[in-house]
Amino acid sequence: MEGETSWFSHPFDNMARGTTEYDAFSELSDEGNREANAVSVDLILPDDLLERILAYLPVASIFRARSVCKRWHEILSSRRFLWNFSNVLSQKPWYFMFTSSNDPTGYAYDPILRKWYGIELPCIETSNWLIASSCGLVCFMDNESRTELYVCNPITKTCRKLQEPPGLRFSDYSAPAVSVNRKSHGYTISIVKSKQVAGNFFQWDVSIHIYDSETMMWVTSLTEVLTGWRGGDESVICDGVLYFLIYSTGGGSPDNRHGLITYNLSACSTHGLLIRSIIPVPCSLTCGRLMNLKERLVMVGGIGKQDRPDIIKGIGIWLLKGKEWQEIARMPHKFFQGFGEFDDVFASSGTDDLIYIQSYGSPALLVFDMNLRHWRWSQKCPVTKRFPLQLFTGFCFEPRLEISP
């Protein structure tokens, strides 16, 4: 398909032997006229210096560079290169867009080279699984029984199935989150489960379950009954604190349809804490999306009309400072209109300094740079809408080579 670039990769099956096998990226850029210069430099540079230089390449270019010659192939497959790669500045996050409502197929967008790549996700069976990501690892949780849980690296295809989380097996809502330690590569997974108390719509059982990759064990950290609020499917971990959105079950004003709960993951108490830690949202929202940008909590939300709070009129971005929200930006109207018909709920995720926003009804993807305060459209995704009810969604992740579950 025009505009599409395909790639394939294999897991780190032979990491123990100190090498890693990849198949190359194809058709990344027209660099054939530069190969002569690359070869001449290659003859001069020692291995250690060449490794450091190559480590600054975008991930996609690393796969192409691996095909240059035998020496580069060996360097880019070595443990030492992966160590160098892990110590350079973070790669800009990619965005994976599902292009089927049923199958887990789609394309990944590279904001550096501004290209889409056709890749296959491991483990996941359908596009409606619950997803969370951190520092190169992605957590997939099935959205039916919510008992299947996988952690994988989408670039290297390494994958691990985790034991079934404790607590209610069939909860009404579940919100997974993952946090990776960038030094040790250990990770923590949290799942916030919420289930309606039988016969009482206003009361909901809420529980928090924590998985530690070091011990490979789950712990139920908290159980509580919320009155007037329920959990949902939106949560994130920032700097050791779990944040998740709660939703009013009635009785509140339109401005109080959403709330934010904070929970310190190192806390030992098991109940009686959640209701005291609710932070109001900055305005009436149609929906909210939480994300960790450099250990800062950022929320992207649909702004509801004053007289019709369930109708979206725009999109805002806020940063949490203490218990107060600081508005960072509002989407300019020309970009809001550029999506066409925009539902009151939408997909949005981000990491590092980039935020991606996508309408469920369109493959158009908008990118916001937190540092530059700049909005721009991505390159057009090589997919077209085939029928009116076709839905599009996605998630962002860091493309890393050295991290595995």
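**Figure 1. Leu-45 sits in the loop between helix 1 (35-44) and helix 2.** The model shown here and in the other views is predicted. Leu-45 counts as buried because its relative accessibility is 16%, under the 20% cut-off. Leaving aside residues up to four places away in sequence, Leu-45 touches Leu-50, Ile-53 and Arg-71.

**Figure 2. Helix 2 (residues 47-54) meets helix 5 (residues 79-86).** Two packed helices are described by the angle between their axes and the distance between the axes. Here the axes come within 9 Å and cross at roughly 45 degrees. That angle makes helix 2 oblique to helix 5. The contact draws on Asp-47, Asp-48, Glu-51, Arg-52 and Leu-54 from helix 2. Helix 5 supplies Arg-80, Phe-81 and Asn-84. The crossing of helix 2 and helix 5 is right-handed.

**Figure 3. The whole protein chain gives the setting for the close-ups.** The chain holds six helices and 25 strands. Of its 405 residues, 54% are buried. Take the contacts between residues at least 6 apart in sequence: 55% of them join residues at least 24 apart.

**Figure 4. Tyr-109 and Trp-116 form a tilted ring pair.** A search of the whole structure finds 19 aromatic pairs. In the pair of Tyr-109 and Trp-116, the ring centres are 5.0 Å apart and the planes stand at 45 degrees, so the pair is tilted. Planes under 30 degrees apart would count as stacked, and planes over 60 as edge-to-face. Tyr-109 is buried, and Trp-116 is buried as well.

**Figure 5. Arg-114 occupies the loop between strand 3 (105-110) and strand 4 (115-120).** Its phi is near 55 degrees. That is a positive value in a residue other than glycine. Arg-114 has a relative accessible area of 25%, so it is partly exposed.

**Figure 6. Lys-157 has a positive phi in the loop between strand 7 (149-152) and strand 8 (159-162).** The phi value is about 70 degrees, although Lys-157 is not a glycine. Lys-157 is buried, with a relative accessible area of 16%.

**Figure 7. Ring pairs link aromatic residues into a cluster.** Its members are Trp-94, Phe-96, Phe-98, Tyr-117, Phe-140, Phe-395 and Phe-397. Two of these residues, Phe-96 and Phe-98, are also touched by Thr-393, the subject of the next view.

**Figure 8. Thr-393 lies in strand 25 (residues 393-397).** With a relative accessibility of 24%, Thr-393 counts as partly exposed. Thr-393 and Ser-100 are 293 residues apart along the chain, yet their C-alpha atoms are separated by 9.0 Å.

**Figure 9. Arg-230 lies over the face of Tyr-173.** Arg-230 is at 4.1 Å from the centre of the Tyr-173 ring.

Note on methods. Residues numbered from 1 in each chain as written. Predicted model: local features only at pLDDT ≥ 70, side-chain atom pairs only at ≥ 80, totals over all residues. Heavy atoms only, no water. Phe/Tyr/Trp six-rings, centres within 6.5 Å; stacked < 30°, edge-to-face > 60°. Buried < 20%, exposed > 50% of the residue type's maximum accessible area, 1.4 Å probe, protein only. Lys NZ or Arg CZ within 6 Å of the ring centre and 35° of its normal. Axes fitted to C-alpha atoms, helices over the stretch in contact; angles between N-to-C directions. Helix = DSSP H or I, 4+ residues; strand = E, 2+ residues; numbered from the N terminus. Parallel < 35°, antiparallel > 145°, perpendicular 65-115°, else oblique. Left-handed = near helix turned anticlockwise from the far one by under 90°. Contact = heavy atoms within 4.5 Å.
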